[in-house]
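Here is a short walk through one protein chain.

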Amino acid sequence: MRITPIEIQQQQFKTRLLGYDTAAVDQFLEMVAEQLERVYLQNNELKESLARTTENLEFLREREKTLQQTLITAQQVVDDMRSNAQKEVDIIIAEAHVQAEHITKAANQERAEVLTQIHDLKRQKVTFELGLRALLENHINLLDMDMMQVLESEQPQLLEDIDNDEIDSEVFKGLDLE
């Protein structure tokens, strides 16, 4: 049976000649003592449980702080890595642009050199062709003059006898005899 504080206050003992019934008082005191002991033990258990819960709560709060700091640190590391990666990308792109400019400049310079060489070769070709043409014309003129001299000096009659139909066209082809 549980005893409440109101029951203790309202407890009435039978009176006897010499006072209260000692057996009833002893019995009541024994019940109160048992109940008080149970309450005391329960209170101690609750205090221990509260202490363990408080200790666990403090441990969990410390762990939560550590996790929050870890998350903040991880976020900062991620942000730093992202920033560094972006900087590296920017540097790589800048270097690629510089390298592309160098390649383009070198290609344009090489193109200009090739065009200059082509122009020089064309000029040399024209000069060579003109020189060759002049040389050939000089030789043709010399041949014409030699042939005329031979024909006139040694065989004047030969010119008259040569019939235009008998001249081998392949021999005199391309020669300007006039």
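Gln 11 is partly exposed, because its relative accessible area is 32%. Buried means under 20% relative accessible area, exposed means over 50%, and partly exposed lies in between (1.4 Å probe, protein chains only). The model is predicted: local features need pLDDT of at least 70, side-chain atom pairs count only at pLDDT 80 or more, and totals for chains, interfaces and linings use all residues. Residues are numbered from 1 along each chain as its sequence is written, and side-chain values use heavy atoms, leaving out hydrogens and water.

Gln 11 sits in the loop between helix H1 (5-10) and H2. Helices (H or I, at least four residues) and strands (E, at least two) are DSSP runs, numbered from the N terminus. Gln 11 and Val 25 are 14 residues apart in sequence. In space, their C-alpha atoms are 9.8 Å apart.

Val 25 belongs to H2 and is buried there. How does the span of H2 compare with what its 132 residues should give, and why? At 1.5 Å a residue, they should span 196 Å. The expected span is 1.5 Å times one less than the number of residues. The end C-alpha atoms of H2 are 189 Å apart, which agrees.

Glu 37 also lies in H2, which covers residues 22-153.

Now the whole chain. It has 4 helices and 0 strands. Along the sequence, the pattern reads α-α-α-α. Buried residues make up 4% of its 178 residues.
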